[in-house]
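Have the viewer open as you read.

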Amino acid sequence: TIYYSFTDYNYLKGTHPFSGLANYTALFQNMYFRQAVSNTVKFTVIAVVLEVVLGLLTALFVKSLKRGQKVVRTLPYLLPAVTVALIWRMMLSPNYGIITDVFTALGLPVYNWFYDGKTAFGTLLVIDVWQNVPFAFLLIYAHLQGVPESQYQAASIDGAGALQRFRHITLPNIGGGIALCAMLRTIDTFRLFEKGNILT
């Protein structure tokens, strides 16, 4: 594949004369390609940061619960991307979507969410975060379970507050889990296709 990228490959004739950097030059001069790369990088950075932060906050909240941890930690992470896209496409339909009905009832302007340049990026971002925060939560929560309770007890005896315990005990212990979560979500988000294709 790398070799052919430096050639002018003709599928019909089966010829592939060497063309040097001509393909790459044409690619990086293409305005649509540059815009696509910019949008992808921006989307990935914002989505991963939001998913990891919200997943961490959710995991900390669930871990702090005295009762109901087993019930709450079964947050759904079962829906494939295509199903999520179809659900949201119905809800955000400008003709019959429930969100459009709510906006109309409140006297707010109705958007064609996926075809309006002002709203499409943000709408896709919200949907992706909504779908993947449970994954981040489950991964970080699993690492939280491995933090020794004795460290928290020792810190409490020494007079450490909640923020100090989080900074000096929780974060160092779950840092690997957060990094793993960020890496997996970056890989997955960078190759996002189904939702954008189905919704727009």
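## Helix packing

H6 crosses H8 in a right-handed way (right-handed if the near helix is turned clockwise from the far one by less than a right angle, left-handed if anticlockwise). The contact, meaning heavy atoms within 4.5 Å, draws on H6 residues including Phe135, Leu139 and Ile140, and on H8 residues including Ile174, Gly176 and Gly177.

H6 covers residues 120-144 and H8 residues 162-190, and their axes come within 9 Å and cross at roughly 150°. That makes H6 and H8 roughly antiparallel (the label for angles over 145 degrees).

## Where the numbers come from

This is a predicted model, with local features needing pLDDT of at least 70 and side-chain atom pairs pLDDT 80 or more, while totals for chains, interfaces and linings use all residues. Numbering starts from 1 along each chain as its sequence is written, and side-chain values use heavy atoms, leaving out hydrogens and water.

## Aromatics

Searching the whole structure turns up ten aromatic pairs (Phe, Tyr or Trp ring centres within 6.5 Å, taking the six-membered ring for Trp; planes under 30 degrees apart are stacked, over 60 edge-to-face, the rest tilted). Tyr9 and Tyr11 have ring centres 4.8 Å apart and planes at 55°, so they're a tilted pair. Tyr3, Tyr4, Tyr9 and Tyr11 form one aromatic cluster.

Tyr9 is partly exposed at 31% relative accessible area, and Tyr11 is exposed at 74% (buried is under 20%, exposed over 50%, partly exposed in between, with a 1.4 Å probe and protein chains only).

Notes
Axes fitted to C-alpha atoms, helices over the stretch in contact; angles between N-to-C directions. Helix = DSSP H or I, 4+ residues; strand = E, 2+ residues; numbered from the N terminus. Parallel < 35°, antiparallel > 145°, perpendicular 65-115°, else oblique.
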